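The walk below goes from one loop to the next and ends at a hairpin.

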Amino acid sequence: MHCLRTTVTRLQPLRTAQTAKNLSQTRPLMLERDLRMCQPVRCLSTSVAAEPFLNGTSSNYVEEMYYAWLENPRNVHKSWDIFFRNANAGAVPGAAYQSPPPLLGPSEGTASIQGLVGAQPNVEKLVKDHLAVQSLIRAYQVRGHHIAKLDPLGISCVDFDDTPCTCLFVLPFFMSLFSTGLYGLAESDLDKVFRLPTTTFIGGNETTLPLREIIRRLETAYCQHIGVEFMFINDVEQCKWIRQKFETPGIMQFTLEEKRTLLSRMIRSTRFEEFLQRKWSSEKRFGLEGCESLIPALKTVIDKSSQSGVESVIMGMSHRGRLNVLANVIRKDLEQIFCQFDSKLEAVDEGSGDVKYHLGMYHRRMNRVSDRYITMSLMANPSHLEAVDPVVQGKTKAEQFYSGDTEGKKVMSILLHGDAAFAGQGIVYETFHLSDLPSYTTHGTIHVVVNNQIGFTTDPRMARSSPYPTDIARVVNAPIFHVNADDPEAVMYVCNVAAEWRNTFHKDVVVDLVCYRRNGHNEMDEPMFTQPLMYKQIKKQKGVLQKFAEKLIAEGVVTTQYYQEEVVRYDKICEDAYSRSKDEKILHIKHWLDSPWPDFFTLEGQPKTMSCPSTGISEDDLSHIGSIAASVPVEDFTIHGGLSRILKGRANMVGQRVCDWALGEYMAFGSLLKDGVHVRLSGQDVERGTFSHRHHVLHDQNVDKRTCIPMNHISPDQAPYTVCNSSLSEYGVLGFELGFAMASPNALVLWEAQFGDFHNTAQCIIDQFISSGQAKWVRQNGIVLLLPHGMEGMGPEHSSARPERFLQMCNDDPDVFPKHSEDFAVHQLHDCNWIVVNCSTPANYFHVLRRQILLPFRKPLIVFTPKSLLRHPEAKSSFDDMLPGTHFKRIILDDGPAAKNPEKVKRVVFCSGKVYYELIRERRNRNMDAAVAVVCIEQLSPFPFDLIKLEADRYLNADLVWCQEEHKNQGYYDYVKPRLRTTINRTRPIWYVGRDSAAAPATGNKHTHLVELQRLLDTAFDLNAFSGKC
Ligand SMILES: Cc1ncc(C[n+]2csc(CCOP(=O)(O)OP(=O)(O)O)c2C)c(N)n1
Ligand SMILES: [Mg+2]
């Protein structure tokens, strides 16, 4: 059995050395903010540590005295006045203190205190005792949570400081306090009256209290069923706010009505799980038993938030209690939940669907407490714990953005976590670090941890190195409210405070529901295999509903009959829904959609058309957007000289009616913005662009923080453009952007990796959400991934965006030539899980971005983007290729001599990406333009079977080669080869030209790189390379 570690030593005062240092060094800095209120700034110059009557516990008290004295010397006792005067006059350490005149004389009207202290007060002792009390109060505030009774099982062993476990709960805390002789206080001091410092609210309207009462109130505030961790927060006002919420006497009281509502919520939560258990005892549901108070917890947060104006709540959570949350928080129809248990029902929607505890939901309903409508969505999520966190945040941000909710007053997020996952998964950290960034903040998230003190079969001693599973939240100064989940009233109270905190400060907050898991990890698991003692204890544990009902009955809040009727009433609701669920014949996954796009599809949820208009734009628009891209559209703004040259270069290009890559992108973004489509580009250093080609944010060289985004100056009624450098995270930021893109189809949301290979730290988002999200959750998403890719001699890192991985996850069948249809290309796009392209011209990049929005449905788009091609003189496009009537080219045909005399062509080289330019150059150098045709495949997936077939048929006498610069086991080859074969019905061989298979993506040696490149080019143009081979 674990030992409940609680020891007085944890409430030890701070050491003298620490506080003396604080006071003489760090405090003036720390107080900079505080001192704004009481200028001019003066510092206590004496070495306080050297004063005879001061010890390490005194720093706060002395500071308080000092600041009171600064305001008015009469605010403090004469002795302090003399002391501070002397200290300020430069008295040497030890000399500032003078024996004061008698303290608290009758003339001051404090006879009672003097009476307690004694007729001949020992002033030194009095001051020391006051300082000790001050320290004691602070110790409770800082460390009270160490000894709060948080664990319903009474077995938790939170290792705060590696000191040996000592179980002291047998004694009231203050008894043990004196027995250990801390603070210099003796039991005989218990009835002495002390003046309370201003850093506590335990006095209520009283300014003095006997020590016994001080301790009692501190124990009530900090050491019962709530443990408050907040003293690490840097903001003084925020700390004070929390102290007030927990210390004020009698603050945790509820009306009879509130208690009854709480009981009814507990009944729903508990009886729902029991109902499922009765009906489907052998089904996995990851029930909530042991943490039933989660449901009232969430409902309290939602009620309170709705009362303060929140209209939409977006939630993310894992498996534990998910069905209960759907039923009793989101209020999904019970019969639809019960249907999910019927294995005989057939799903009508396309795609794979997902298990019941992963599906999402969206629901708008009236909140009875606030009398206001509120929309709630629970995001669908994969099994991968915590992966949904940034997605929820992104969607929340988007909803805030679209509703003009700049402070998060209308839209908020709630994230639920498991204790093991919260501590173990790095994405939690990445998500927290987005919480205060201007383009990513959602203005405060309420985190609720279902801390059942176990993760599957692993207990906390093996699962984390921090005392609490919630310690991660400290990095963003979020207060953490630990609460014993077997006390529903305490749970309700902290949830109220959490919602108020979010509403007041718009910052994250954590509620740690310390509970247990009554069953195994799922209902089939046997927990006694691995946690025998814990589960012996759990078996003895009375259910929380029963305990709470008994309490309310004993208090006279409800009668036994009332309670029993409520239970019967809810059971009947479940039974009725169960009967109705039997009538259902089919399952509709689309009833579980978390992010509907109401007007985007037909009522049946289909695309409104199956065609895509031209993605070209007018000459005027090209010129206008080009001119914006080449200008600084605000007055008196000095840009860097190098940038002036870049802008001048752009102006020249516009004059010549051509675009390079950056300008092509500008044209795409600018034209969409002009048409009212929001564009958001996010990722590391995207504002300038990793390769210094983009420059979407201009910086005034003379004025700090003055910036200009020309893209927002295209037209007065344009949509806003957001371009934001992100934190150095891929998993978190890509997840965030995916969530942002989920909120509306009418936005182009792009995430750019610094280099393409870095996407693999976000692999979970790519695998679990982007490639398979629609199949699992019937939810489309048009996110764009820009992945710089290309073998340029930069070594194994930075070279490959791993096209093979994206292509391997494409759902098109390599062995089937798709049926021909009108708008073949659009149908293909409609049926695919995502689109993978490598554009070799700026015009094609321009078109593919615009196509994302002009398509009548949404698919993720993966773009392998160039590095050296950004500045390649030939990688330019004419405005002619971007005018109305033009389209994205799925392949770029050979339009030279080879195409004119196709029967003379000996070889067709199919390729994709940068190698296209290398092949063209090599062919020119070898004068082989008539003998070899080069065809560049721009859209790799869905594979352009139709167009490739035309090319293969055109060059009937040629051998067919696939050429790539990537290694053979990488790049496109494995994807392209079977599809090329299917295209030509396996009538001709497909030859491979490229680097050999390898473990690393590229050589680290520049010379080797060049040799390899030349070798592959040699083979590509050696017309005998494959003779005799078959
Ligand atoms: C990223 C990830 N790794 C592993 C798992 C497998 N797994 C499922 S539940 C679970 C334990 C989760 O424990 P906790 O977060 O405490 O939640 P609880 O089940 O206790 O509510 C594990 C390891 C997973 N789902 N996701
Ligand atoms: Mg757990």
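Where is the place of P942? P942 sits in the loop between β26 (939-941) and α32 (945-954). Helices here are DSSP runs of H or I with at least four residues, strands are runs of E with at least two, and both are numbered from the N terminus. The peptide bond from S941 to P942 is cis. Its omega is near -5 degrees.

This is a predicted model, where local features need pLDDT of at least 70, side-chain atom pairs count only at pLDDT 80 or more, and totals for chains, interfaces and linings use all residues. Residues are numbered from 1 along each chain as its sequence is written, chains are lettered from A and ligands numbered from 1 in the order in which they are written, and side-chain values use heavy atoms, without hydrogens and water.

Most residues other than glycine have a negative phi, and most peptide bonds are trans. Now for phi. R657 lies in the loop between α22 (641-656) and β13 (658-659). Its phi is positive, near 60 degrees. R657 is partly exposed, at 26% relative accessibility. The classes are buried (under 20% relative accessible area), exposed (over 50%) and partly exposed in between, with a 1.4 Å probe and protein chains only.

N927 is in the loop between α31 (915-925) and β25 (932-937). Its phi is also positive, about 55 degrees. N927 is exposed, at 71% relative accessible area.

Last, the hairpin. Strands β6 (residues 361-367) and β7 (residues 372-378) pair in the antiparallel sense over 7 bridges; pairing takes at least two DSSP bridges between two strands. N367 stands opposite R372 in β7. The hairpin has 4 residues between the strands, and D371 takes a positive phi near 65 degrees.
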